[in-house]
Amino acid sequence: MNVTAHPDSLTRSVEDYLKAIYRLSPEGRPASTRDIAHLLELSPPSVSGMVKRLSELGLLEHIPYRGAQLTEAGRSAALRMVRRHRLIEAYLVEFLGYSWDAVHAEAERLEHAVSDPLVERMAAALGHPSVDPHGDPIPATDGSIHELASTALADVATGRTVEIRRVDERDPERLRYLAARGLVPGGVVTLRDRQPFGGPVTVEVAGVRHVIGTELARVVLCGSEETQ
């Protein structure tokens with residue numbers, strides 16, 4: 001019989017697994033062992049062992065040949081960690097002068113150490129923000145999360161002008177590259193040209209044109225409505 005673990009009793013490793021599975025399956029689809037291993041930089045056998053343990057704890061369901069799917073308890077615990085992580089990132093930028101490319105690694109360390117009361121004081125000091133510095137939505141205290149529809153910059157129609165909502169990237173070098181070109185949440189971008197066969201796209205930000213590789217353009221997520 002599965003016994004659901006209390007959130008306060010979860011180890012750092014368990015919290016990291018739950019957060020990774022949530023990231024890989026935001027719509028509830030199963031996350032494969034291979035994808036979990038790749039994201040956490042672990043071996044597939046190690047992941048298989050932890051998946052079995054988390055299943056026994058009632059935090060996920062292992063679906064043969066498909067992967068791992070969070071249970072309601074597992075999703076709640078994952079969203080608790082996501083809330084902590086994103087609020088810490090916002091606090092580091094707003095009050096401690098961190099740049100958006102430097103906060104992810106710090107938040108990864110701090111999210112396991114801070115208490116819930118401290119996290120809520122940080123949220124209050126920030127004015128209860130709805131998104132973090134990368135534009136990712138911050139879950140509410142009740143575990144609800146408001147995901148806005150978005151389109152990858154690589155898929156925006158040529159000639160359209162849209163607002164950037166999120167940047168789904170954590171590599172510091174890539175974030176600095178995007179920021180230097182104005183490709184940040186809240187920025188307005190026009191897609192001017194798209195090369196065929198998966199080639200790069202040409203975008204215009206504040207009157208300046210930049211050529212961006214398709215892979216990088218896919219992590220820049222934009223609103224679907226056109227901006228004047």
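Guide: Across the interface of domain 2 and domain 3, four salt bridges are found in this predicted model. Aspartate 136 forms a salt bridge with arginine 170, and the closest N and O atoms of this pair are 2.0 Å apart. Polar contacts between domain 2 and domain 3 amount to six residue pairs, counted with both residues at pLDDT 80 or more. The side of domain 2 that touches domain 3 comprises five charged, three polar and three nonpolar residues.

In terms of residues, eleven from domain 2 are in contact with twelve from domain 3. The two domains bury about 920 Å² between them, and carbon and sulfur atoms account for 53% of that area. Within the share that domain 2 buries against domain 3, 60% is supplied by Trp100, Asp101 and His134, more than by any other three residues. The centres of domain 2 and domain 3, taken over C-alpha atoms, are separated by 25 Å.

These two domains belong to a division of the protein chain into three parts: domain 1 covers 12–70, domain 2 covers 81–147 and domain 3 covers 150–223.

Turning to the sheet, six strands form an open arrangement in the order 3-8-4-5-6-7, with antiparallel pairing. Its edges are strand 3 (151–152) and strand 7 (208–212), each of which pairs on one side only. Strand 4 (residues 161–167) and strand 8 (residues 220–222) run antiparallel and are joined by three bridges. Isoleucine 164 has cysteine 222 of strand 8 as its bridge partner. Strands of a sheet pair through backbone hydrogen bonds, in either a parallel or an antiparallel sense.

A further antiparallel pairing links strand 1 (residues 60–63) with strand 2 (residues 67–70) over four bridges. Here glutamate 61 stands opposite glutamine 69 of strand 2. Three residues lie between the strands of this hairpin, and tyrosine 65 takes a positive phi near 65°.

Salt bridges may also be considered for the model as a whole, where the count comes to 17. One of these joins the side chains of glutamate 111 and lysine 19, with an N to O distance of 2.9 Å. Glutamate 111 lies in the loop between helix 5 (103–110) and helix 6 (116–126), whereas lysine 19 lies in helix 1 (residues 12–24), so the pair ties together parts that are 92 residues apart in sequence.

How values were computed
Residues are numbered from 1 along each chain as its sequence is written. This is a predicted model: local features need pLDDT of at least 70, side-chain atom pairs count only at pLDDT 80 or more; totals for chains, interfaces and linings use all residues. Side-chain values use heavy atoms; hydrogens and water are left out. Two strands pair if DSSP finds at least two bridges between them. Helices (H or I, at least four residues) and strands (E, at least two) are DSSP runs, numbered from the N terminus. Domain bounds come from an automatic or database domain assignment. Contact means heavy atoms within 4.5 Å. Buried area is the accessible area (1.4 Å probe) that two parts lose on being put together, summed over both. A polar contact is a pair of N or O atoms within 3.5 Å; within protein, one must be able to donate a hydrogen and the other to accept it, and residues adjacent in sequence count only if both atoms are side-chain atoms. Ala, Val, Leu, Ile, Met, Phe, Trp, Tyr, Cys and Pro count as nonpolar, Asp, Glu, Lys and Arg as charged, and the others, Gly among them, as polar.
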